[in-house]
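Please open the model in your viewer and keep the sequence panel beside it. This tour goes from one selection to the next and says what is to be found at each stop.

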Amino acid sequence: MTEATTASMTVRTPSEEISVIDIDGEITAAREPALMDAYGRASGDRTRRVVLNFSGLEYMNSSGIGLLVTLLVRANRNHQRLQAYGLSEHYRQIFELTRLDEAIGIYDDEAAALAAAA
Amino acid sequence: MSGSHTDGDAWAKPVEKLAVSEVEPGGAGINVAGKRPTSPVQGFGRMWQKTYRVRLTGSDATPAQVIEVWKRDFPYFWPKGNRFFAPLAGIAPGEVAVLDLSMPGRLKLSTGVLVMYADEESFTLMTPQGHMFSGWITFSAAQDDGEPTVAQAQVLMRASDPLYEVGMTMGGHRQEDRHWEHTLRALAEAFGVEGDVSTETLCVDKRRQWGNAGNVWHNAGIRSGMYTASAPLRFAARPFRRGG
């Protein structure tokens, strides 16, 4: 089986209602523990928006996009909105193909995402 | 892993609506062209993740070899009565296949899939509007050091509309389980293995998305039934169409 890649992802909290997860490297099934752990740290009682920073994303396969769907379900369950920025043109196209862009707000940079989240 | 490979060529390009170009002949080919691909986000019913696995004990096939055979012979691993009309270009990103599926009551459901992703060790099929479920199925193979290769099919789906949700609850899920369990056993047989298929079912989201109940307009089951029922009329009208 694919070796689990458990390196943690950085979580920042610009405000008590907004958290940012800095995604690095790859998003595959092997990164599920790291991503879900990061979401757990990002999601507090008062968190209303979780912003995913994809600037460091190097590789994503279809299992990875499935992980994002699962993350979206968890966020919706917690009455949180999921947002994203830092996507390359390639990954923007993947969000469009999979129609995740209809459920996850996509922004050019962190300032735009935080402004939208404010 | 990072930096050692790229996903650049593995993904299909975004498509607004599906177009059926060249597939193996014989399929009804309805309910595909002009339909939008769908993800679980656009579906109606509860969201499920179903994982079917078979361990190829006794075979020295690598994951890449398993996926190569799976892509090449994909239709032949399906249960009888279900037809997969593969794209002539093979299972490659952006290609569209046509399906005729057996339904209860000797009904046929005509639909299709988009090859959303394909690399050497996995490929993913995405369903269009009107399909029983909105989502995708990922077929993959993996191997731990010194262990046999494990082949896997994983479905991430929501029933597309309320009618399908009822159908899935009333035996549709079991029928789907049998379909993929048969497929994996047949795949294992292709490698000389009598496979024992494991099935894991996880309800990812219990909520139904009532805002998407209108998906029933595209229901391929209803449309396939109407297409079949109107066959005599189409046959009778043929001479007039030829005469212009």
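Select A:Met60 to begin: with a relative accessibility of 0%, this residue counts as buried, where buried means under 20% relative accessible area, exposed over 50% and partly exposed in between, computed with a 1.4 Å probe on protein chains only. The model is a predicted one, in which local features need pLDDT of at least 70 and side-chain atom pairs count only at pLDDT 80 or more, while totals for chains, interfaces and linings use all residues. Residues are numbered from 1 along each chain as its sequence is written, chains are lettered from A and ligands numbered from 1 in the order in which they are written, and side-chain values use heavy atoms, with hydrogens and water left out.

A:Met60 belongs to strand 3 of chain A; helices (H or I, at least four residues) and strands (E, at least two) are DSSP runs, numbered from the N terminus. Now show what surrounds A:Met60, taking contact to mean heavy atoms within 4.5 Å. Not counting residues up to four places away in sequence, A:Met60 touches residues of chain A, among them A:Ile27, A:Tyr91, A:Ile94 and A:Phe95, and also B:Asp7, B:Trp11 and B:Tyr117 of chain B.

Next, select helix 3 of chain A, in which A:Tyr91, A:Ile94, A:Phe95 and A:Leu97 are buried. Looking down the axis of this helix, you find its buried residues within an arc of 160 degrees, so they line one face of the helix; the arc is that of the directions from the helix axis to the C-beta atoms. What covers these buried residues includes strand 3 (49–60), helix 2 (62–77) and strand 5 of chain A, together with strand 5 (107–118) and strand 6 (122–128) of chain B.

Go on to A:Arg99, in the loop between helix 3 (89–97) and strand 5 (105–107) of chain A. Most residues other than glycine have a negative phi, whereas A:Arg99, which is not a glycine, has a positive phi of about 60 degrees. At 8% relative accessibility, A:Arg99 counts as buried.

B:Asn31 has a positive phi of about 65 degrees although it is not a glycine, and at 11% relative accessibility B:Asn31 counts as buried.

The next stop is B:Thr124, in strand 6 of chain B, which is buried with a relative accessible area of 0%. Leaving aside neighbours within four places in sequence, B:Thr124 is in contact with A:Ser62 and with residues of chain B including B:Leu114, B:Tyr117, B:Trp136 and B:Thr138.

Finally, select the whole of chain B: how many helices and strands are there? Chain B has 4 helices and 9 strands, and from the N terminus on, its elements run β-β-α-β-β-β-β-β-β-α-β-α-α. Along its principal axes, the C-alpha trace of chain B spans about 65 × 45 × 35 Å. Buried residues make up 49% of the 244 residues in chain B, and of the contacts in this chain with a separation of 6 or more, 67% are between residues 24 or more positions apart.
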